[in-house]
Structures are given as structure tokens and as C-alpha cells.
Amino acid sequence: MEQNGLTELSNALPDDEDLPVIHVEICQHPTSVANTDSVARFGAKVVSQLQGRYVMDEVTVTEFEDPQIQEHVSMVTISYVESKSAADHLLKYSETRFAFHVYQLHEDTPVSEEIEEEEQITAARHWLLPSVEFQGLWESLVFDSDVKEKLLQYARTTLLFSDKEVNSNIVSWNRVILLHGPPGTGKTSLCKALAQKLCIRFSDRYLYGELVEINSHSLFSKWFSESGKLVQKMFSKIHKLIDDPDSLVCVLIDEVESLTAARKSAISGSEPSDAIRVVNAVLTQIDQIKKCSNVIILTTSNITEAIDLAFVDRADVKQYIGLPSMAAVYKIYHSCINELVRAGIISPAQQILELRALEVMRFIENDATLLSLKLRDIASKSVGFSGRSLRKMPFLAHTFYQQAGAITMETFLTLLDKAVVKQKMEEKQLATQ
């Protein structure tokens, strides 16, 4: 590759280069019939126009001056720098190398997979990826650690070991990720966003991706009479998807504690013995599909203590997803405010600084920092809320606004503060009942 990776476009990045990597994800317009190389060059042109800027998180471009780019490209996302040092996030584009990923979104709605047609039990939902339903989900998720980058690195290592034909009997890995933590912290959303992101990042390797979300609760309703047979029937459909080498298959088992808790109860005698056969059938199926190189198993749990060792041992990655810190809360609110400004609900637009910028300015109050410091104070009061609750706060704040037309930034922040105080009070009242 020539410097910056703008002349020769390739997803196969040299291993011997020391420069950090920036991923350029180019969403091709659904009506475009241009080939991948042409669309990648459009993305390279967008990147070249941004030379001299610094890289801090993602940069997304949706409007293009060049009519040809506008015709073929819906969005260009210039994504996280891959680097071991957090300080390297502050890099000029001229000091990095690029990986270009071209993809088109599937607009199909998810398909419900029913095992017993007469009972119409929905055992799973099935998406073709990348899906328009999950577009932007990855970028919207905010965590205190670099968990998203770690999960991407895990997937890259998994594929590398498969490509090099590492003997799994000597070096063991199971292709299983377990995200655990309190409800509302974004575990399920992260799994879906990760599946989408992997299909985009590996678009040169797989023609498309598939996400199968298994309804673990349904396994313990009508299925006892057939024990593990129906579980095997469900996974046989997954095996058919995996048999296509052009497809990257992500299997999501949400709230996996419902499986492992039932297994414990069955062992103790408080659940029918058939329950343990159902759960063991699921674990056996996981052990079988992990042998395939084009599958990753994503699981979540709200109750860490309920997961037994038989399942925990299968997970290569066991990542705790906790409640957002003040810095994460601030970033979530900041993204919500930007969206309301874009929609014209907050007007006129006034700048809310990034928390890093406030730190550089030593949190000194002046005309430029006043509104940002007010948001920081609100974020401090909001610590303890889940990510799900935080993203509701701007909506709840607006419900206090009785006038017609747009709302000013200052007024909105006042109402946001009011909504946070009200939410705290309601939670305290519920806790005492």
C-alpha cells in the first residue's frame, strides 16, 4: 500500500506496518450497481478531503458535494483507530493506514423460525446482515471501557486461528462470548451491533451475514414433551446456514441464565428431569457448531450468579457490562442532544463541548462552557441510571415543555435536569414499597 492507503485499496493489511489502522466503512446506496472497487474509491476520496483533521471516535459523513459519490454512497463512517495506546486516538489521517469496507444494507424484516407449526412457537428470529434495522446501532452504544474494540479483536483472532488451521485440541477456543451485567446496560444491543459490525468488517471474506436470535424462554414451555429433539431440530436449521462458506453466522442466546438456572433446578429435583435434557441438548449443539470457522456464539445474562460453570467454561470472553459512569452518561446525553438539534427540536443549535474539551479547559466557567458544564452537572446526577433509562430522559424532559415550536438549548437542559430529579424520586419511591 502507498502512504495513507488512498491509492491502492485493499482489506488485506500488511502485518509488518507499524502505523495504526482506521477502518473506512462505505455504505453503498441500495440503487447503486457500481462495483466494489469503484465504491471504495469514492470512500477514499471522502477520506482525502478530511486530511488534516484529528481522529477522535467515529466520523460519519452523509452529505457529499460530488454528485457521483452522492449517487452511489449513502454513508461513510471513519471508525476507531486500532492501537494499543489510548493516546493514539489523537492522530492525523496522514499518520495512519486505512482499511476500506464496502457494504449494502438488507431491508428485509426478520423471519420468525417456528419449530412446532401447529403450536406456532417462535424459537428464533433470523436477520440477513448487514441489516437496515441495526444501522448506526454500534456507534450509538457508549461504554466506559474499550469493550467494543476488544470484541472485534476477539473475532479477528478467531478467524486467524481458523485460517492458520490451529489444532483446537491443542489450543482451545469455543467461539462463545458471554456479556453479563444488570438489565438495561446494552448487552443485547451490543451483541446485535457486533454481528452487524463483523459482517461489515469482513465483507471481503463473506458475501453476507446472518443473525439468529434464539428465544431461550420458549425452550421451557411447550417443549418438555419432546425433550431435546426439538432443540436439535432448531439447531439443524442453524447448521444449514453455517454450511454456506460465504456466510458469517452469529447465534445470539439472550438471557442465557434461563438455560443454566433450569439445569440447576433439574439437578436439584425442583424441575422435571426433561429440563436438564433440553439444556444439555443446547450445550451439546453449541459444542458442535463451534467447530465451524464461520460462526460466533453471542450470549447475555442479567444474573451472573445464575450461570453454572458448565456454560461459563465454554465462554472465551466473559465481559461484564455495568452501569455507565459519569463520563459515559455525559457522552450519551451529548449524542441525544445532537440528534434533537439535527431534528430541529432544539433550536437554535448551540455547541455542547465534548467532555475531553472541558477537561482541557479545566472546567472553567465562561460563555463557551456554560451549557456544557450544566450538562456535566446533570450527568453527575444521572449516575446509577441504565443506558436504557438515560436515552429516555431527553424524551421525558420534552414532555414538560408546554409551548409549540422548537425549544432552546438552555431551556431543554433545565427540563432535562427536572426529568432526572423526577426519575430519581420515582425510583426511590418504588424501592421503598
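Is Cys199 buried or exposed, and what is its relative accessible area? Cys199 is buried, with a relative accessible area of 7%. Keep in mind as you explore that this is a predicted model.

**The cysteines**

| Residue | Relative accessible area | Class |
|---|---|---|
| Cys199 | 7% | buried |
| Cys292 | 23% | partly exposed |

There are zero disulfides in the structure. Cys199 takes part in none, and the nearest cysteine sulfur to it belongs to Cys250, 5.5 Å away.

**The chain as a whole**

Stepping back, you will find 14 helices and 11 strands in the chain. Of its 433 residues, 47% are buried. The chain exposes about 21,400 Å², and carbon and sulfur atoms supply 51% of that area. Among contacts with a separation of 6 or more, 76% join residues 24 or more positions apart.

**Two helices side by side**

For a closer look, turn to helix α12 (residues 370–381) and helix α14 (residues 409–432), which pack at an angle of about 10° with their axes 10 Å apart. Because of that angle, α12 counts as roughly parallel to α14. The contact between α12 and α14 has seven nonpolar, one polar and five charged residues. On the α12 side, the residues are Leu371, Lys374, Leu375, Ile378 and Lys381. They meet a set of residues in α14 including Met409, Leu413, Thr414, Asp417 and Lys424.

Notes:
Residues numbered from 1 in each chain as written. Predicted model: local features only at pLDDT ≥ 70, side-chain atom pairs only at ≥ 80, totals over all residues. Heavy atoms only, no water. Axes fitted to C-alpha atoms, helices over the stretch in contact; angles between N-to-C directions. Helix = DSSP H or I, 4+ residues; strand = E, 2+ residues; numbered from the N terminus. Parallel < 35°, antiparallel > 145°, perpendicular 65-115°, else oblique. Contact = heavy atoms within 4.5 Å. Nonpolar A, V, L, I, M, F, W, Y, C, P; charged D, E, K, R; others polar. Buried < 20%, exposed > 50% of the residue type's maximum accessible area, 1.4 Å probe, protein only. Areas by Shrake-Rupley, 256 points an atom, 1.4 Å probe, with all protein chains shown as cover. Disulfide = S-S within 2.5 Å.
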